[in-house]
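User: I would like to learn how to read a few local features of a model. Please take me through them one at a time.

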Amino acid sequence: MDWGMKNRLSRIIKPDTGHTVMLAIDHGYFLGPIKKLEDPGETIAPILSYADALMLTRGVLRNCVDADIQSPIVLRVSGGNSILGKDLSNEDITVAMKDALRVNASAVALSIYVGAEYEHRTLVNLSRLVDEGQDCGMPVLAVTAVGKELEKRSARFLSLACRIAAEMGVQFVKTYYCEGFEKVVKSCPVPLVIAGGPKLETEFDALRIASEAIKRGAVGVDMGRNIFQSSDPVAMLKAIRAIVHEGASFEKASAIFKGGGVKGKGKKKG
Ligand code: R5P
């Protein structure tokens, strides 16, 4: 891996632990203003300092985030559909690599829809993005999207999607936790992070998923709704950080969450 690529990736996957806590707020690119992201700037201000990286679109970055933040940016560069459209898989590359460089992104993210109608298009988009990334030292994150077809969250399907992304040359993959997750990790030669999916009934359900995924080899999480829609997003991030960076047990993380976070301005990562 070239120096620039390595350097960018090391801003996201922390070299001291080999792990990462990414905060995803890119949902608006096809879902519009979901709960707690009506004003993304307001939502992230108190919690951003507890995350290792921020995943979002260039529109929200430029309009709602201060340019003096130190958090590495994972820029969503695929889209072109909405929740109202016929098929979520009909995505294209929506951001030029030049613009990703202009906003000083540390990685670019694109969804692939393996098994969906536009599978081919999304995979070709991915390979094109990897080529462009190689040209300028930009890591690519493949997001293995399952859209509305949640039944596809099986080790068999996710192994297939993650492995294809890795074969295409991406630097890391985002997927979902599932039963048999260790099989997904074992057959994917690049680091994996997990999404949280729609808000679960309790925060403890999300902590359980994070804990199981880390135990089974994920390098981290790239979670959104289970953090920013939580009753206490700071406490949630503190608990997830303990799991991801310190190998804390589910029980310990639950106790951290119950202890609560700092209300108001985020202070420092802990
Ligand atoms: C999809 O909307 C995005 O790629 C999200 O970044 C991803 O699904 C992670 O967010 P969440 O944990 O809310 O699923």
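User: How do the residues of the shell around the ligand divide by class?

Analyst: Ala, Val, Leu, Ile, Met, Phe, Trp, Tyr, Cys and Pro count as nonpolar, Asp, Glu, Lys and Arg as charged, and the others, Gly among them, as polar. Here the shell has five nonpolar, five polar and three charged residues. This is a predicted model: local features need pLDDT of at least 70, side-chain atom pairs count only at pLDDT 80 or more, and totals for chains, interfaces and linings use all residues. Residues are numbered from 1 along each chain as its sequence is written.

User: Which residues are the closest to the ligand?

Analyst: A residue is near a molecule if its C-beta atom, placed from the backbone, lies within 6 Å of it. 13 residues surround the ligand, and Ala24, Ala195, Gly196, Gly224 and Arg225 are the closest. Strand E10 (220-223) and helix H10 (225-228) each give at least two shell residues. Helices (H or I, at least four residues) and strands (E, at least two) are DSSP runs, numbered from the N terminus.

User: Is Lys36 buried or exposed?

Analyst: Buried means 20 or more other C-beta atoms within 10 Å, exposed 12 or fewer, partly exposed in between, with C-beta atoms placed from the backbone. Lys36 is buried, because 20 other C-beta atoms lie within 10 Å. Asn104 counts as exposed, with 12 C-beta neighbours inside 10 Å.
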